[in-house]
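Hi,

Here is the structure I said I would pass on.

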Amino acid sequence: MSGLVGCGGAGSSEGNAAPLTYTNRLRLPPLLEPEADGDGVRRFALTLQTGMTEFFAGKPAATWGFNGSYLGPTLRARKGDRVAMKVTNQLPESTTVHWHGMRLPAVMDGGPHQTIEPKATWTPEWKIEQSATTLWYHPHPHGATSMHVYRGLAGMFIIDDAEADGLSLPSSYGVDDFPIIVQDKTIEANGTLSEDTRPTFGIMGNHILVNGTYDPFLEVTTSRVRLRILNASNARTYHLGFSDGRPFHVIGTDSGMLRKPVQTDRVLLSPAERADVVVEFATGDEVVLQSSSGDDDIDEGDFNLLKIRAAGRLKASPALPGKLTAAAPIAASPGARVRRFTLNGHDAVNKREMDMSRIDEVIPAGALEIWEIENTVYAHNFHIHEAAFRVLSIDGKAPPAYADGPKDTVYIPPKATARLAVQFGRHTDPVMPYMFHCHILRHEDEGMMGQFVVVEPGTEGSVSRTIPTHGHG
Ligand SMILES: [Cu+2]
């Protein structure tokens, strides 16, 4: 329960490129107001564009963003809402926009088949059918996701519902409820983003941005503060905690709330994972959010991320509720179908590279299955589109209590096997697949990805395993 690391990391392993001074106010992605047209649909307009961003003052870098030069606005909708997106691509390349963690029809998912050509507009629409949680959105073009995300294309998507509204949790955006989007970059002395990659894992930077801010501080004014932490890095995995070792509560995982708050002093987040946490502050507190080094190549280094300063007077927040969601944990029956996958090297699943024209798995709608993912060499993680899962075990051991909630991405250490109970959705489409893949973006781009379709139960045998593709694949 001691503090994680001293400032500067004591030179034990590489960390921050330079000691932080916490001089830049943490940027807050704006909440995107939907266009109201009286039909009950929340209409959001996103434009992918190029721009210039100053990570170092006075030294602009060429970056990409949604409705701005870097990252994107936060979207917010409630369970039961219909949302309609107008996504316009003003980039010089084709791309896609994937709604990570969203339960929706495959044709709206924004995977590699939903290409948006330059100057084109894509208009997916769906009904929000899932419980309160923190999702995000980012490009997913086949073979090019890593650089599109690295240049800045990512944003948060918050889902609200009546159950969570009744919990008196901090939920006032930018007041006591903050997005914390963590990304590692390599920033050159002249302020530009380096796209140099390392062998095996791709980009691993030692400048950590929070919400696109380098060397940031945040002032808080309430006694409890909610941090919706998203690891939007290409490969880096973080072990997050506070410089004084203070405990905090995790209230939600990738796909929803935990059943009750879980106290911890550290959370592990691999790329694409989220942790919804509540931290307590006393008047005048100053504490640094840090990441400490782990055992694998992708979590090396001790980093300071963000200084949080509590105001001289704090507004008292309601106590944390003892119970959060009443939803039953995802569980699979003893006879559930088991599918086994191996993650091979850094570019294949079950010894095959991604093929846009090949359907790898056919899933009956609403299925509850056991998926076992065996990691044969390097560290990886595993994301399943349009599904929520519970991590039953990693190498036979239960996950930490703070991670025992509904998830869509799981970290798998080198040579470990993850066993998941996976709840699939009910949107059927025998010809448009969803993806499963490693979320280390270089691995995804290199082919550590597969495709599945969700079909009416009983029709699995008649589904074609080959689909026509447009563009490269
Ligand atoms: Cu991987």
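**What I found**

Let me start with an open sheet of 6 strands, in the order E1-E14-E22-E21-E16-E19 and with mixed pairing. Its edges are strand E1 (24-25) and strand E19 (267-269); each has a single partner strand, so one side of each is left without a neighbour in the sheet. E1 pairs with strand E14 (residues 216-222) in the parallel sense, over 2 bridges, and Asn-24 has Pro-216 in E14 as its bridge partner.

Some ground rules before going on. This is a predicted model, where local features need pLDDT of at least 70 and side-chain atom pairs count only at pLDDT 80 or more, while totals for chains, interfaces and linings use all residues. Residues are numbered from 1 along each chain as its sequence is written. Helices (H or I, at least four residues) and strands (E, at least two) are DSSP runs, numbered from the N terminus. Two strands pair if DSSP finds at least two bridges between them.

**Domains**

The protein chain is divided into domain 1 (24-163), domain 2 (167-315) and domain 3 (338-462); the bounds come from an automatic or database domain assignment. The C-alpha centres of domain 1 and domain 2 lie 21 Å apart. Their contact takes 33 residues from domain 1 and 35 residues from domain 2, where two residues are in contact if their C-beta atoms, placed from the backbone, lie within 7 Å.

On the side of domain 1 that touches domain 2, at least two residues each come from E1, strand E2 (41-56), strand E3 (59-66), E9 and helix H1 (145-150). Which of them gives the most? That is E3, with 5 residues. By type, this side of domain 1 divides into 18 nonpolar, 10 polar and 5 charged residues. (Ala, Val, Leu, Ile, Met, Phe, Trp, Tyr, Cys and Pro count as nonpolar, Asp, Glu, Lys and Arg as charged, and the others, Gly among them, as polar.)

**Strand E10 and its partners**

Strand E10 (residues 155-160) is mostly covered, with 5 of its 6 residues buried. A residue is buried if 20 or more other C-beta atoms lie within 10 Å of its own, exposed if 12 or fewer, and partly exposed in between; C-beta atoms are placed from the backbone. Strand E4 (residues 75-78) runs parallel to E10 and is joined to it by 4 bridges, with Arg-78 partnering Asp-160. Strand E9 (residues 133-138) pairs with E10 in the antiparallel sense over 5 bridges, and there Tyr-137 stands opposite Gly-155.

**The nonpolar core**

The largest nonpolar core has 117 residues, and those with the most contacts inside it are Ile-181, Val-182, Ile-229 and Val-277. Such a core is a set of buried Ala, Val, Leu, Ile, Met, Phe, Trp, Tyr and Cys residues joined through C-beta atoms within 7 Å. Leaving aside neighbours within four places in sequence, Val-277 is in contact with Leu-227, Ile-229, Phe-248, His-249, Val-250 and Ile-251.

Strand E31 (residues 434-437) and strand E32 (residues 449-455) run antiparallel, joined by 4 bridges, and His-437 stands opposite Met-449 in E32.

Is Gln-451 buried or exposed? This residue of strand E32 counts as buried, because there are 25 C-beta neighbours inside 10 Å. Setting aside neighbours within four places in sequence, Gln-451 is in contact with Arg-358, Ile-359, Asp-360, Pro-433 and Met-435.

Thr-459 lies in the segment after E32 and counts as partly exposed, with 13 C-beta neighbours inside 10 Å.

Two loop residues other than glycine have positive phi. Glu-386, with phi near 45 degrees, sits in the loop between strand E27 (380-384) and strand E28 (387-394), and is buried, with 24 other C-beta atoms within 10 Å. Lys-415, with phi near 65 degrees, is in the loop between E29 and strand E30 (417-424), and is exposed, with 12 other C-beta atoms within 10 Å.

Cheers
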